[in-house]
Amino acid sequence: MPPESLHAWFRELNADGQLNAILTDGVDVAVYHDAHRTGELFWTRRIPPHGRTDFAAAGLVISHDAPEDPNRTLLAFASTPMSLDPWQALTPGELVIARRGSIRWSSAPTEAGSPSEPPGTSPNDRVALADGRVASDPTDAPGETQRLLRVVHDTRYEYEQPVERSSHRLLLRPLSDRTQQVLDHRLVVEPDVPRIAYEDVFGNAALGLEIDEPFDRLSIRSEATILVSAAPSLESRAGRQPLSLPMSWMPWQRQMLSAYLLPPELPESQLRELTSFATALSERNDRDLVATLLDLNRTLFRDFEYVSGSTTHATTPFEVYESRRGVCQDFANLMICLARLLQVPARYRMGYVHTGADYVNTAQSDASHAWVETYVPQVGWQGLDPTNGVQIGLDHVRVACGRNYRDATPTSGTIYRGGGTETLAIDVRVERLDASALPDASALAQAGDSA
(Lines give C-alpha, C1' and ligand atoms only; values in the text may rest on other atoms or scores of the structure.)
Protein backbone atom coordinates (compact mmCIF):
# COMPACT_ATOMS: atom_id res chain seq x y z
CA MET A 1 0.00 0.00 0.00
CA PRO A 2 1.40 3.44 -0.86
CA PRO A 3 2.36 5.48 2.24
CA GLU A 4 -0.15 8.20 1.36
CA SER A 5 -2.99 5.64 1.24
CA LEU A 6 -1.93 4.11 4.56
CA HIS A 7 -1.83 7.56 6.12
CA ALA A 8 -5.33 8.32 4.81
CA TRP A 9 -6.57 5.02 6.27
CA PHE A 10 -5.12 5.87 9.70
CA ARG A 11 -6.68 9.33 9.60
CA GLU A 12 -10.05 7.79 8.74
CA LEU A 13 -9.85 5.45 11.72
CA ASN A 14 -8.63 8.28 13.93
CA ALA A 15 -11.72 10.33 13.07
CA ASP A 16 -13.82 7.89 15.13
CA GLY A 17 -11.73 8.18 18.31
CA GLN A 18 -8.25 8.12 19.79
CA LEU A 19 -5.49 6.26 17.93
CA ASN A 20 -1.82 5.68 18.60
CA ALA A 21 -0.60 2.69 16.63
CA ILE A 22 2.49 0.75 15.63
CA LEU A 23 2.11 -1.80 12.83
CA THR A 24 4.70 -4.00 11.10
CA ASP A 25 4.76 -6.63 8.38
CA GLY A 26 8.16 -7.87 9.51
CA VAL A 27 9.98 -5.52 7.14
CA ASP A 28 8.51 -2.05 7.55
CA VAL A 29 7.33 -0.43 10.78
CA ALA A 30 4.49 2.10 10.54
CA VAL A 31 4.00 4.44 13.52
CA TYR A 32 0.97 6.73 13.75
CA HIS A 33 0.37 9.43 16.37
CA ASP A 34 -3.14 10.45 17.39
CA ALA A 35 -4.36 13.59 15.61
CA HIS A 36 -6.24 14.69 18.78
CA ARG A 37 -2.96 14.97 20.73
CA THR A 38 -3.84 12.04 22.98
CA GLY A 39 -0.63 10.73 24.51
CA GLU A 40 2.75 11.15 22.88
CA LEU A 41 5.09 9.18 20.64
CA PHE A 42 8.82 9.72 20.25
CA TRP A 43 11.65 8.31 18.17
CA THR A 44 15.42 8.27 18.48
CA ARG A 45 18.25 6.93 16.31
CA ARG A 46 21.55 5.64 17.68
CA ILE A 47 24.54 5.48 15.35
CA PRO A 48 27.54 3.18 16.01
CA PRO A 49 29.86 2.91 17.76
CA HIS A 50 27.52 2.59 20.73
CA GLY A 51 28.61 3.73 24.17
CA ARG A 52 25.76 1.65 25.60
CA THR A 53 23.14 -0.72 24.25
CA ASP A 54 20.27 -0.27 26.70
CA PHE A 55 17.32 2.06 27.27
CA ALA A 56 16.16 2.92 30.78
CA ALA A 57 13.23 4.88 32.27
CA ALA A 58 11.12 4.65 35.42
CA GLY A 59 12.54 1.31 36.54
CA LEU A 60 12.34 -0.22 33.06
CA VAL A 61 15.51 -1.34 31.28
CA ILE A 62 15.53 -2.63 27.70
CA SER A 63 18.85 -4.14 26.62
CA HIS A 64 20.15 -4.62 23.09
CA ASP A 65 23.49 -6.27 23.80
CA ALA A 66 23.80 -8.85 21.02
CA PRO A 67 27.42 -9.30 19.83
CA GLU A 68 26.78 -7.45 16.56
CA ASP A 69 25.07 -4.45 18.17
CA PRO A 70 28.18 -2.20 18.21
CA ASN A 71 28.06 -2.06 14.40
CA ARG A 72 24.31 -1.62 13.96
CA THR A 73 22.19 1.51 13.77
CA LEU A 74 19.29 1.43 16.23
CA LEU A 75 15.97 3.19 15.59
CA ALA A 76 13.54 3.15 18.51
CA PHE A 77 9.98 4.40 19.13
CA ALA A 78 8.51 4.95 22.60
CA SER A 79 5.65 6.68 24.36
CA THR A 80 8.10 8.43 26.66
CA PRO A 81 11.78 9.41 26.20
CA MET A 82 14.21 6.90 27.70
CA SER A 83 17.82 7.41 28.79
CA LEU A 84 19.63 10.54 27.65
CA ASP A 85 19.19 10.10 23.90
CA PRO A 86 17.87 13.04 21.86
CA TRP A 87 14.24 12.01 21.30
CA GLN A 88 12.05 13.73 18.73
CA ALA A 89 8.27 13.89 19.13
CA LEU A 90 5.91 12.87 16.35
CA THR A 91 3.47 15.61 15.44
CA PRO A 92 -0.28 14.96 15.86
CA GLY A 93 -1.60 12.98 12.90
CA GLU A 94 1.89 12.10 11.67
CA LEU A 95 2.65 8.74 10.10
CA VAL A 96 6.25 7.51 9.98
CA ILE A 97 7.42 4.42 8.10
CA ALA A 98 10.78 2.92 9.09
CA ARG A 99 12.92 0.13 7.72
CA ARG A 100 16.29 -1.23 8.83
CA GLY A 101 17.38 1.66 11.04
CA SER A 102 16.14 4.44 8.79
CA ILE A 103 12.90 6.38 8.44
CA ARG A 104 11.87 5.95 4.83
CA TRP A 105 8.78 8.18 4.75
CA SER A 106 7.03 10.73 6.93
CA SER A 107 3.78 12.62 6.47
CA ALA A 108 5.01 15.56 8.52
CA PRO A 109 5.10 18.79 6.47
CA THR A 110 8.40 20.33 5.49
CA GLU A 111 9.19 23.98 6.06
CA ALA A 112 7.45 24.70 2.78
CA GLY A 113 4.28 23.13 4.15
CA SER A 114 4.26 20.07 1.91
CA PRO A 115 4.42 16.46 3.13
CA SER A 116 6.84 15.64 0.34
CA GLU A 117 10.59 16.17 0.73
CA PRO A 118 12.61 18.75 -1.23
CA PRO A 119 13.65 17.57 -4.71
CA GLY A 120 16.76 15.44 -4.77
CA THR A 121 16.59 14.40 -1.11
CA SER A 122 15.76 11.12 0.54
CA PRO A 123 12.46 10.90 2.44
CA ASN A 124 14.40 10.07 5.59
CA ASP A 125 16.81 13.00 5.48
CA ARG A 126 14.41 15.20 7.44
CA VAL A 127 14.54 12.94 10.45
CA ALA A 128 17.95 11.37 10.03
CA LEU A 129 19.76 14.68 10.36
CA ALA A 130 18.72 16.07 13.68
CA ASP A 131 20.72 19.26 13.14
CA GLY A 132 18.66 20.15 10.09
CA ARG A 133 21.17 19.35 7.34
CA VAL A 134 19.93 17.63 4.23
CA ALA A 135 21.99 15.69 1.71
CA SER A 136 21.10 17.77 -1.30
CA ASP A 137 23.46 19.72 -3.53
CA PRO A 138 23.45 23.25 -2.08
CA THR A 139 25.23 24.87 -4.99
CA ASP A 140 23.59 23.87 -8.27
CA ALA A 141 21.07 26.65 -8.69
CA PRO A 142 17.91 25.84 -10.69
CA GLY A 143 18.53 26.39 -14.38
CA GLU A 144 22.30 26.77 -14.00
CA THR A 145 24.06 24.68 -16.64
CA GLN A 146 27.70 25.82 -16.51
CA ARG A 147 30.23 26.95 -13.96
CA LEU A 148 33.72 28.33 -14.48
CA LEU A 149 36.28 27.34 -11.84
CA ARG A 150 39.94 28.10 -11.27
CA VAL A 151 42.11 25.66 -9.34
CA VAL A 152 45.56 26.42 -7.92
CA HIS A 153 47.35 23.45 -6.38
CA ASP A 154 50.73 24.12 -4.70
CA THR A 155 52.90 21.23 -3.48
CA ARG A 156 56.23 21.80 -1.74
CA TYR A 157 58.71 19.13 -0.63
CA GLU A 158 61.69 20.08 1.53
CA TYR A 159 64.45 17.68 2.55
CA GLU A 160 66.91 17.58 5.39
CA GLN A 161 69.68 16.55 2.99
CA PRO A 162 70.01 17.07 -0.77
CA VAL A 163 68.24 14.48 -2.92
CA GLU A 164 70.77 13.17 -5.45
CA ARG A 165 68.45 11.10 -7.64
CA SER A 166 64.67 10.68 -7.73
CA SER A 167 61.71 9.78 -9.95
CA HIS A 168 58.24 11.36 -9.76
CA ARG A 169 54.75 10.95 -11.26
CA LEU A 170 52.28 13.85 -11.38
CA LEU A 171 48.52 13.54 -11.95
CA LEU A 172 47.47 17.18 -11.85
CA ARG A 173 45.86 17.98 -15.20
CA PRO A 174 42.03 17.90 -15.06
CA LEU A 175 40.41 15.76 -17.73
CA SER A 176 38.40 17.09 -20.67
CA ASP A 177 35.22 15.44 -21.89
CA ARG A 178 31.61 16.34 -22.71
CA THR A 179 30.87 17.78 -19.24
CA GLN A 180 34.27 19.26 -18.35
CA GLN A 181 36.50 21.42 -20.53
CA VAL A 182 40.03 22.48 -19.54
CA LEU A 183 40.40 25.98 -20.95
CA ASP A 184 43.90 26.53 -19.61
CA HIS A 185 46.44 24.52 -17.62
CA ARG A 186 49.91 25.57 -16.51
CA LEU A 187 52.41 23.52 -14.54
CA VAL A 188 55.52 25.06 -12.98
CA VAL A 189 58.14 22.74 -11.46
CA GLU A 190 61.25 23.93 -9.61
CA PRO A 191 63.90 22.81 -10.23
CA ASP A 192 63.05 22.92 -13.93
CA VAL A 193 63.73 19.40 -15.24
CA PRO A 194 62.78 17.43 -18.38
CA ARG A 195 59.21 16.11 -18.41
CA ILE A 196 57.66 13.05 -20.00
CA ALA A 197 53.93 13.39 -20.75
CA TYR A 198 51.94 10.18 -21.22
CA GLU A 199 48.56 8.55 -20.63
CA ASP A 200 48.55 5.91 -17.91
CA VAL A 201 46.59 2.64 -17.99
CA PHE A 202 43.55 4.33 -16.40
CA GLY A 203 43.43 7.06 -19.07
CA ASN A 204 44.86 9.75 -16.78
CA ALA A 205 47.07 12.53 -18.16
CA ALA A 206 50.33 11.77 -16.36
CA LEU A 207 53.66 13.56 -16.24
CA GLY A 208 56.93 11.85 -15.37
CA LEU A 209 59.99 13.58 -13.87
CA GLU A 210 63.46 12.08 -13.66
CA ILE A 211 65.77 14.27 -11.55
CA ASP A 212 69.49 13.45 -11.60
CA GLU A 213 70.82 16.70 -10.11
CA PRO A 214 70.89 17.37 -6.34
CA PHE A 215 68.09 19.45 -4.82
CA ASP A 216 66.76 20.07 -1.32
CA ARG A 217 63.43 21.63 -2.34
CA LEU A 218 60.89 20.52 -4.94
CA SER A 219 58.05 22.91 -5.77
CA ILE A 220 55.10 21.98 -8.01
CA ARG A 221 52.42 24.52 -8.92
CA SER A 222 49.42 23.56 -11.03
CA GLU A 223 46.99 26.23 -12.27
CA ALA A 224 43.89 25.31 -14.27
CA THR A 225 40.76 27.03 -15.55
CA ILE A 226 37.90 24.61 -16.11
CA LEU A 227 34.39 24.97 -17.46
CA VAL A 228 32.09 22.45 -15.80
CA SER A 229 28.73 21.65 -17.42
CA ALA A 230 25.71 20.13 -15.72
CA ALA A 231 25.07 16.43 -16.28
CA PRO A 232 21.83 14.46 -15.84
CA SER A 233 21.32 12.81 -12.47
CA LEU A 234 21.77 9.08 -11.98
CA GLU A 235 18.02 8.69 -11.42
CA SER A 236 17.14 10.30 -14.75
CA ARG A 237 19.82 8.43 -16.70
CA ALA A 238 18.87 5.04 -15.28
CA GLY A 239 15.11 5.65 -15.36
CA ARG A 240 14.62 3.87 -18.66
CA GLN A 241 14.99 0.38 -17.17
CA PRO A 242 14.77 -1.25 -13.72
CA LEU A 243 18.15 -2.30 -12.34
CA SER A 244 18.20 -4.81 -9.48
CA LEU A 245 20.80 -6.28 -7.15
CA PRO A 246 22.71 -8.53 -7.19
CA MET A 247 24.30 -7.44 -10.44
CA SER A 248 25.05 -9.99 -13.18
CA TRP A 249 27.67 -9.42 -15.87
CA MET A 250 28.49 -11.10 -19.15
CA PRO A 251 31.89 -12.88 -19.00
CA TRP A 252 33.59 -10.25 -21.18
CA GLN A 253 32.07 -7.44 -19.10
CA ARG A 254 33.36 -9.01 -15.90
CA GLN A 255 36.79 -9.35 -17.46
CA MET A 256 36.90 -5.69 -18.45
CA LEU A 257 35.55 -4.55 -15.06
CA SER A 258 37.49 -7.02 -12.90
CA ALA A 259 39.84 -4.33 -11.54
CA TYR A 260 36.83 -2.47 -10.14
CA LEU A 261 34.96 -5.49 -8.75
CA LEU A 262 37.58 -6.90 -6.38
CA PRO A 263 37.24 -5.57 -2.80
CA PRO A 264 40.38 -4.75 -0.79
CA GLU A 265 42.20 -7.62 0.85
CA LEU A 266 40.78 -7.80 4.38
CA PRO A 267 40.19 -10.65 6.83
CA GLU A 268 37.19 -12.76 5.82
CA SER A 269 35.33 -11.92 9.04
CA GLN A 270 35.61 -8.20 8.26
CA LEU A 271 34.44 -8.66 4.67
CA ARG A 272 31.46 -10.68 5.91
CA GLU A 273 30.47 -7.87 8.27
CA LEU A 274 30.81 -5.26 5.51
CA THR A 275 28.81 -7.50 3.16
CA SER A 276 26.06 -7.76 5.77
CA PHE A 277 25.96 -3.95 6.06
CA ALA A 278 25.85 -3.48 2.28
CA THR A 279 23.19 -6.16 1.88
CA ALA A 280 21.02 -4.53 4.54
CA LEU A 281 21.15 -1.26 2.61
CA SER A 282 20.19 -3.12 -0.55
CA GLU A 283 17.23 -4.80 1.15
CA ARG A 284 16.17 -1.48 2.66
CA ASN A 285 15.74 -0.26 -0.92
CA ASP A 286 14.05 -3.41 -2.25
CA ARG A 287 17.31 -4.34 -4.04
CA ASP A 288 16.94 -1.44 -6.46
CA LEU A 289 20.44 -0.61 -7.73
CA VAL A 290 20.07 3.15 -8.13
CA ALA A 291 18.16 3.63 -4.86
CA THR A 292 20.77 1.56 -3.00
CA LEU A 293 23.71 3.56 -4.37
CA LEU A 294 22.06 6.88 -3.52
CA ASP A 295 21.10 5.63 -0.05
CA LEU A 296 24.66 4.41 0.56
CA ASN A 297 26.01 7.79 -0.52
CA ARG A 298 23.69 9.62 1.90
CA THR A 299 24.22 7.13 4.74
CA LEU A 300 27.99 7.68 4.77
CA PHE A 301 27.33 11.42 4.84
CA ARG A 302 24.72 11.27 7.62
CA ASP A 303 26.16 8.61 9.90
CA PHE A 304 29.93 9.10 9.54
CA GLU A 305 31.79 12.06 10.98
CA TYR A 306 34.32 14.08 9.00
CA VAL A 307 37.36 14.45 11.31
CA SER A 308 40.62 15.79 9.86
CA GLY A 309 43.68 13.85 10.94
CA SER A 310 41.68 10.93 12.35
CA THR A 311 43.08 8.41 9.85
CA THR A 312 46.15 7.68 7.72
CA HIS A 313 46.72 6.25 4.25
CA ALA A 314 46.97 2.84 5.92
CA THR A 315 43.49 3.03 7.51
CA THR A 316 41.31 0.23 6.13
CA PRO A 317 37.64 0.48 5.10
CA PHE A 318 36.68 -1.74 8.01
CA GLU A 319 38.41 0.53 10.51
CA VAL A 320 36.45 3.48 9.11
CA TYR A 321 33.25 1.41 9.28
CA GLU A 322 33.88 0.64 12.96
CA SER A 323 34.93 4.13 14.07
CA ARG A 324 32.35 5.95 11.88
CA ARG A 325 34.85 8.74 11.24
CA GLY A 326 37.40 9.74 8.65
CA VAL A 327 38.07 12.09 5.74
CA CYS A 328 37.05 12.10 2.08
CA GLN A 329 39.59 9.45 1.11
CA ASP A 330 38.27 7.10 3.80
CA PHE A 331 34.62 7.56 2.84
CA ALA A 332 35.49 6.92 -0.80
CA ASN A 333 37.44 3.78 0.09
CA LEU A 334 34.60 2.45 2.24
CA MET A 335 31.93 3.13 -0.37
CA ILE A 336 34.07 1.49 -3.06
CA CYS A 337 34.45 -1.60 -0.88
CA LEU A 338 30.71 -1.80 -0.11
CA ALA A 339 29.73 -1.31 -3.76
CA ARG A 340 32.12 -4.02 -4.93
CA LEU A 341 30.75 -6.43 -2.33
CA LEU A 342 27.38 -5.90 -4.04
CA GLN A 343 29.06 -6.68 -7.39
CA VAL A 344 28.79 -3.05 -8.49
CA PRO A 345 31.99 -1.81 -10.20
CA ALA A 346 33.44 1.17 -8.36
CA ARG A 347 36.56 3.27 -8.79
CA TYR A 348 38.38 6.02 -6.90
CA ARG A 349 38.20 9.55 -8.34
CA MET A 350 40.61 12.30 -7.31
CA GLY A 351 39.82 15.92 -8.03
CA TYR A 352 38.74 19.16 -6.42
CA VAL A 353 35.54 20.60 -5.01
CA HIS A 354 34.54 24.23 -4.69
CA THR A 355 33.57 24.59 -1.02
CA GLY A 356 32.84 28.31 -1.12
CA ALA A 357 29.17 27.35 -1.13
CA ASP A 358 27.17 25.75 1.67
CA TYR A 359 28.91 22.39 1.98
CA VAL A 360 29.16 20.85 5.44
CA ASN A 361 32.63 19.35 5.14
CA THR A 362 34.67 22.38 4.07
CA ALA A 363 37.97 21.12 5.52
CA GLN A 364 38.54 19.10 2.36
CA SER A 365 39.32 22.34 0.50
CA ASP A 366 42.78 22.28 2.11
CA ALA A 367 43.82 19.48 -0.27
CA SER A 368 42.56 17.52 -3.22
CA HIS A 369 39.17 15.88 -2.81
CA ALA A 370 38.15 12.25 -3.38
CA TRP A 371 34.88 10.59 -4.30
CA VAL A 372 33.49 7.46 -5.95
CA GLU A 373 32.42 6.57 -9.46
CA THR A 374 30.21 3.52 -9.94
CA TYR A 375 29.51 1.81 -13.24
CA VAL A 376 25.81 1.41 -14.03
CA PRO A 377 24.65 -0.54 -17.12
CA GLN A 378 23.55 1.70 -20.02
CA VAL A 379 24.56 4.74 -17.96
CA GLY A 380 28.32 4.46 -17.54
CA TRP A 381 30.47 5.84 -14.74
CA GLN A 382 28.52 8.06 -12.35
CA GLY A 383 30.15 10.17 -9.63
CA LEU A 384 28.91 10.06 -6.02
CA ASP A 385 30.45 12.14 -3.22
CA PRO A 386 29.83 10.40 0.14
CA THR A 387 31.72 13.10 2.03
CA ASN A 388 28.94 15.57 1.16
CA GLY A 389 26.12 13.13 0.38
CA VAL A 390 25.61 14.42 -3.18
CA GLN A 391 26.08 13.39 -6.76
CA ILE A 392 28.97 15.22 -8.38
CA GLY A 393 27.84 18.52 -9.83
CA LEU A 394 29.03 21.90 -10.99
CA ASP A 395 31.40 22.27 -8.03
CA HIS A 396 33.40 19.11 -8.75
CA VAL A 397 36.51 19.09 -10.93
CA ARG A 398 37.62 15.62 -12.04
CA VAL A 399 41.32 14.86 -12.40
CA ALA A 400 42.52 11.24 -12.06
CA CYS A 401 40.89 7.88 -11.37
CA GLY A 402 41.99 4.36 -10.53
CA ARG A 403 41.31 1.31 -8.42
CA ASN A 404 42.29 3.10 -5.22
CA TYR A 405 44.17 6.07 -3.80
CA ARG A 406 47.58 4.87 -4.97
CA ASP A 407 46.46 4.83 -8.61
CA ALA A 408 45.18 8.41 -8.52
CA THR A 409 47.34 10.28 -6.00
CA PRO A 410 48.25 13.78 -7.31
CA THR A 411 52.00 13.47 -6.68
CA SER A 412 54.09 10.39 -6.00
CA GLY A 413 57.69 9.35 -6.41
CA THR A 414 60.73 7.44 -5.28
CA ILE A 415 63.95 8.82 -3.80
CA TYR A 416 66.89 6.61 -4.72
CA ARG A 417 69.62 8.48 -2.87
CA GLY A 418 69.77 11.25 -0.25
CA GLY A 419 66.90 13.25 1.16
CA GLY A 420 66.67 12.33 4.84
CA THR A 421 63.64 13.74 6.65
CA GLU A 422 60.95 15.05 4.28
CA THR A 423 58.57 17.96 4.93
CA LEU A 424 55.46 18.25 2.76
CA ALA A 425 53.18 21.28 2.43
CA ILE A 426 50.06 21.36 0.24
CA ASP A 427 47.81 24.31 -0.51
CA VAL A 428 44.74 24.07 -2.75
CA ARG A 429 42.47 26.95 -3.74
CA VAL A 430 39.32 26.60 -5.81
CA GLU A 431 37.50 29.77 -6.81
CA ARG A 432 34.53 30.49 -8.99
CA LEU A 433 34.93 32.84 -11.97
CA ASP A 434 32.40 34.73 -14.06
CA ALA A 435 31.32 32.43 -16.90
CA SER A 436 28.80 34.80 -18.49
CA ALA A 437 31.11 35.79 -21.36
CA LEU A 438 32.01 32.21 -22.31
CA PRO A 439 30.34 30.21 -25.11
CA ASP A 440 28.27 27.22 -24.06
CA ALA A 441 29.82 23.81 -23.49
CA SER A 442 28.61 22.36 -26.80
CA ALA A 443 30.43 25.05 -28.76
CA LEU A 444 33.61 24.46 -26.77
CA ALA A 445 33.29 20.71 -27.32
CA GLN A 446 32.93 21.19 -31.08
CA ALA A 447 35.94 23.51 -31.11
CA GLY A 448 37.94 20.91 -29.19
CA ASP A 449 36.90 18.13 -31.57
CA SER A 450 37.86 20.17 -34.62
CA ALA A 451 41.23 21.00 -33.10
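## Before we start

A polar contact here is a pair of N or O atoms within 3.5 Å; within protein, one must be able to donate a hydrogen and the other to accept it, and residues adjacent in sequence count only if both atoms are side-chain atoms. This is a predicted model, in which local features need pLDDT of at least 70 and side-chain atom pairs count only at pLDDT 80 or more, while totals for chains, interfaces and linings use all residues. Residues are numbered from 1 along each chain as its sequence is written, and side-chain values use heavy atoms, with hydrogens and water left out.

## The whole protein

Let's take the overall picture. The protein has 10 helices and 23 strands; these are DSSP runs numbered from the N terminus, with helices being H or I of at least four residues and strands being E of at least two. Of its 451 residues, 49% are buried, where buried means under 20% relative accessible area, exposed means over 50%, and partly exposed is in between (1.4 Å probe, protein chains only).

The accessible surface comes to about 21,900 Å², and carbon and sulfur atoms hold 51% of that. Areas come from the Shrake-Rupley method with a 1.4 Å probe, and for residues only the protein chains shown count as cover. Now for contacts, meaning heavy atoms within 4.5 Å: among those with a separation of 6 or more, 71% are between residues 24 or more positions apart.

## A look at D385

D385 sits in strand 19, which covers residues 380-385. This residue is buried, with a relative accessible area of 0%. Its side chain makes a polar contact of 3.0 Å with the side chain of H369. Leaving aside residues up to four places away in sequence, D385 touches N297, H369, A370, W371, V390 and H396.

Helix 6 (residues 289-303) has 15 residues and spans 21 Å from its first C-alpha to its last, close to the 21 Å expected at 1.5 Å a residue. The expected span is 1.5 Å times one less than the number of residues. Because 14 of its 15 residues are buried, helix 6 is largely enclosed by the rest of the structure. At its start, a side-chain oxygen of D288 comes to within 3.3 Å of the backbone nitrogen of V290.

Helix 8 (residues 328-341) has 14 residues and reaches 20 Å, close to the 20 Å expected. Here 14 of the 14 residues are buried, so helix 8 is largely enclosed by the rest of the structure too. After helix 8 comes Q343, with a positive phi near 65 degrees.

Two strands pair if DSSP finds at least two bridges between them; strand 8 (residues 95-99) and strand 9 are joined by 4. I97 stands opposite W105 in strand 9.
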